[in-house]
Amino acid sequence: MANLISRRLCEIRLVCMVVVAAGIANVLAAGEASEAAAWQSVKSGEAVVIMRHAIAPGIGDPQEFDIEDCSTQRNLSEAGRQQAAAIGDVLRSNGIEEAQVLSSQWCRCLETARLLNLGDPQPTEMLNSFFEDRLAEPEQTRELKESLREWSNRRSGALVMVTHQVNITALTGQFVGSGDMLIITIMDDEPVVLARISTE
């Protein structure tokens, strides 16, 4: 009797393991399908890629910060330049061969945007960091939401925005690391994250 019970328990454990493994496989497959659908939405213009600039060591900017002078700013490290180029490869591998690229006027964002090699970046004030001026956050975030809504309504092809962690967090509620990308769309006048792609 003891042996019979032991065998039955083994059989039950085996069935449970098979069910769990199948569940994990289904979740992974669903995740891959969801990310593929998100990239397709970028290609069609229904969604956009918004990303934090690549690795630029430090926090904030020096006191002598001058938007016209890169030598006064935090800039990409060599690792950051390599990361930015690799992010461009990730975008191309997902069917984004070219895009309209908007960038914060900060040098680390503009350099990231150029190294993506998807098109000439357009400096865009609404993507500028408000890390040192939090009073600017509500208006910039409102303007960004409106721009995203207009873009998704036009469906004008791929759009990539390069900005800062504080801007992305204010827009989506998500913290992003250097080079992280979010694929987002607007639903019911609010941004919805369809996928998160990390490249660190």
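Which residues does isoleucine 183 touch, leaving aside those up to four places away in sequence? The list is Ala38, Trp39, Val42, Ala47, Val48, Val49, Val192, Val193, Leu194, Ala195 and Ile197. Keep in mind that this is a predicted model.

**The nonpolar cores**
- Isoleucine 183 turns up again in the largest nonpolar core, a set of 22 residues where Trp39, Leu91 and Ile183 have the most contacts inside the core.
- The top contributor is α1, which gives three residues.
- There's also a second, separate core, made of 16 residues, and Ile50, Leu148, Ile168 and Ile184 are included in it.
- As background, nonpolar side chains in soluble globular proteins tend to be buried together.

**How α2 meets α3**
- When two helices pack, the pair is described by the angle between their axes and the distance between those axes.
- For α2 and helix α3 (residues 107-115), the angle is about 45° and the axes are 8 Å apart.
- That angle makes α2 oblique to α3.
- The crossing of α2 past α3 is right-handed.
- On the α2 side, the residues in this contact are Arg81, Ala84 and Ala85, and they meet Glu111, Thr112 and Leu115 of α3.
- Sorted by class, that contact has three nonpolar residues, one polar and two charged.

**Glycine 80, a buried spot in α2**
- You'll find glycine 80 in helix α2, which covers residues 78-93.
- Glycine 80 counts as buried because its relative accessible area is 0%, with the cut-off set at under 20%.
- Setting aside residues up to four places away in sequence, glycine 80 touches Ala54 and Ile55.
- Glycine 80 and isoleucine 55 sit 25 residues apart in sequence, yet they're 4.1 Å apart in space, C-alpha to C-alpha.

**Isoleucine 197, a buried spot in β6**
- Isoleucine 197 belongs to strand β6.
- With a relative accessible area of 8%, isoleucine 197 is buried too.
- Its contacts, again without residues up to four places away in sequence, are Glu35, Trp39, Val90, Gly179, Asp180, Met181 and Ile183.
- Isoleucine 197 and methionine 51 are 146 residues apart along the sequence, and their C-alpha atoms are 9.3 Å apart in space.

How values were computed
Residues numbered from 1 in each chain as written. Predicted model: local features only at pLDDT ≥ 70, side-chain atom pairs only at ≥ 80, totals over all residues. Heavy atoms only, no water. Helix = DSSP H or I, 4+ residues; strand = E, 2+ residues; numbered from the N terminus. Buried < 20%, exposed > 50% of the residue type's maximum accessible area, 1.4 Å probe, protein only. Contact = heavy atoms within 4.5 Å. Axes fitted to C-alpha atoms, helices over the stretch in contact; angles between N-to-C directions. Parallel < 35°, antiparallel > 145°, perpendicular 65-115°, else oblique. Left-handed = near helix turned anticlockwise from the far one by under 90°. Nonpolar A, V, L, I, M, F, W, Y, C, P; charged D, E, K, R; others polar. Core = buried A, V, L, I, M, F, W, Y, C linked by side-chain atoms within 4.5 Å.
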